[in-house]
Amino acid sequence: MVPNQEDKQFFARLRADEYARLDATGATYLDYAGSALYADSQLRAHHDQLRSGVFGNPHSEHAPSVASTAALDTARDTVLRHFGVSGATHAVCFTANTTAAIKLVAEGFAFSPSRSLLLSQDNHNSVNGIREFACRAGSAVRYVALDEDLTLVDPVDALREHGAQAGLFAFPAQSNFSGVLHPLALVAEARAHGWRVLLDAASFASTHPLNLSECEADFVPVSFYKMFGYPGGLGALIARRDALAELRRPWFSGGTVDYVSVQHGSHQLRAGHEGFEDGTPDFLSALALPAGFGMLARAGQPRLAARMRTLTAQFLNGLQALCHDNGRPAVVVHGPLDVCGRGGVVAFNVIDVHGHVVPYWEIETAARARGLALRGGCFCNPGAAEAAFRFDADRTAACFAALDRNFTIPGFARCLGPDAVVGAVRASFGIPTSEHDVERALVFLDAVAHSTRNASTG
């Protein structure tokens, strides 16, 4: 893919203006799927607000409290506008992170033997955990499998086949493991067959536009640190109001009730988002959201998505060009080998000259020593990992049983045997990522491959 020179220059200026600390420290940060990096202007804007304002607990009526309530309202409106909807149809429930947002749905959804749970095999563990609530309610739990490219196998057929027990369908817009972009058209297909839909946008929303007036998912959890780096302890559940009204909270807490009676053992939950925000919302962090969304607007998400395709193509082409002297590939990529249907997240393994996988933790350690931030492991996505590494179900079950409370990744790898792959290396890109960052990672991986050749022959 030929890079757009105008966009390349734009992002170079943005990096120099907002992320100069990367070059000043010599850091090559390639873990944007773990967390985006905040821009300098975000910090300045938040700092100015905190210095100039007086903000109190929003659950009061004095002036500092009213100021905090106004800040929360502004933040909610900013979130809704960014995702193309309004408070007339959608609510924003502030949470600690994406996981907490997903749990609001999981614990409140009306699972039953007649309302099942359908999950994609490619899901973060925070989504996989929904199955525990479904199982307790007697719901059937089913998975849509992945093929060799880590794309979903016949998801529409699964939605139709199990439509008589339609309950909740949950899948990620972008895989946090492989970067595969799953079809957003599945949302409309699922809803047409009676399913409520939870669309995990945590990995997707940082670099892709998502208009919820067109993609009508019922529940969309996000973490703002994944979108624009700051603040770190704030996320949200963006929910259609009709879907939110169906959830039944298993408890109540401060801030969620109109009244509670100890004398009568009764309570009444507040309507809308207020019934789902336990305790005091993080009103000081909410002040920082408009500046974060402003940074995304400045980058332009359609332009940012195109930028991700360019960088991802550069990285994929570079990885596939790495090989040993005997012709063996030095890297295996998990997922599609081109940018069609994938975002700026790439999982891979380094292969030695004999065709054996170099343990991901060795790559992580070597990268850290050279100032490269790469992530290793299964990235809290066991389903995609099992598909990518082609785990044998019987063998893994035996290892889980044998290791029991002594489970460790190295121990699991030893149990599976010398040819097993347990964990990958992941590179992911964001607003400040440059072509030089990508090239530096490729040079490092080539050097690692050379070191394994020498170790094998020395």
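In the predicted model, helix H3 passes helix H13 in a right-handed crossing (a crossing is right-handed if the near helix is turned clockwise from the far one by less than a right angle, and left-handed if anticlockwise). The contact is formed by Ser41, Gln42 and Ala45 of H3 together with Ala291, Gly292 and Met295 of H13, where contact means heavy atoms within 4.5 Å. By class, this contact has three nonpolar, three polar and no charged residues; Ala, Val, Leu, Ile, Met, Phe, Trp, Tyr, Cys and Pro count as nonpolar, Asp, Glu, Lys and Arg as charged, and the others, Gly among them, as polar. H3 spans residues 40–52 and H13 residues 289–299, and the two pack at an angle of about 155° with their axes 9 Å apart. Axes are lines fitted to C-alpha atoms, for helices over the stretch in contact, and angles run from 0 to 180 degrees between N-to-C directions. H3 and H13 are therefore roughly antiparallel to each other (angles under 35 degrees count as roughly parallel, over 145 as roughly antiparallel, 65 to 115 as roughly perpendicular and the rest as oblique).

The model is predicted: local features need pLDDT of at least 70 and side-chain atom pairs count only at pLDDT 80 or more, whereas totals for chains, interfaces and linings use all residues. Residues are numbered from 1 along each chain as its sequence is written, and side-chain values use heavy atoms, with hydrogens and water left out. Helices (H or I, at least four residues) and strands (E, at least two) are DSSP runs numbered from the N terminus.

Arg395, Thr396, Cys399, Phe400 and Leu403 of H17 meet Gly411, Phe412, Cys415 and Leu416 of H18. This contact comprises six nonpolar, two polar and one charged residues. The loop between H17 and H18 holds Asp404, which has a positive phi of about 50° although it is not a glycine. Asp404 is exposed, with a relative accessible area of 53% (buried means under 20% relative accessible area, exposed over 50%, partly exposed in between, with a 1.4 Å probe and protein chains only). In the loop between helix H16 (382–389) and H17 lies Arg390, a non-glycine residue with a positive phi of about 55°. Arg390 is likewise exposed, at 58% relative accessible area.

Four strands form an open antiparallel sheet in the order S11-S12-S15-S14; two strands pair if DSSP finds at least two bridges between them. Strands S11 (331–334) and S14 (375–377) stand at the edges with a single partner strand each, so one side of each is left without a neighbour in the sheet. Neighbouring strands are turned by 35° against each other on average, direction ignored. Within this sheet, S12 (residues 345–350) and S15 (residues 424–428) pair over four bridges, and Ala347 has Arg426 in S15 as its bridge partner. Helix H15 (residues 360–369) packs on the sheet and touches S12, S14 and S15, its direction making about 165° with that of S14.

Elsewhere, four bridges join the antiparallel strands S9 (residues 257–261) and S10 (residues 266–269), with Gln268 of S10 as the bridge partner of Tyr259. The hairpin has four residues between the strands, and Gly265 takes a positive phi near 65°. A cis peptide bond joins Tyr230 and Pro231, with omega about 5°.
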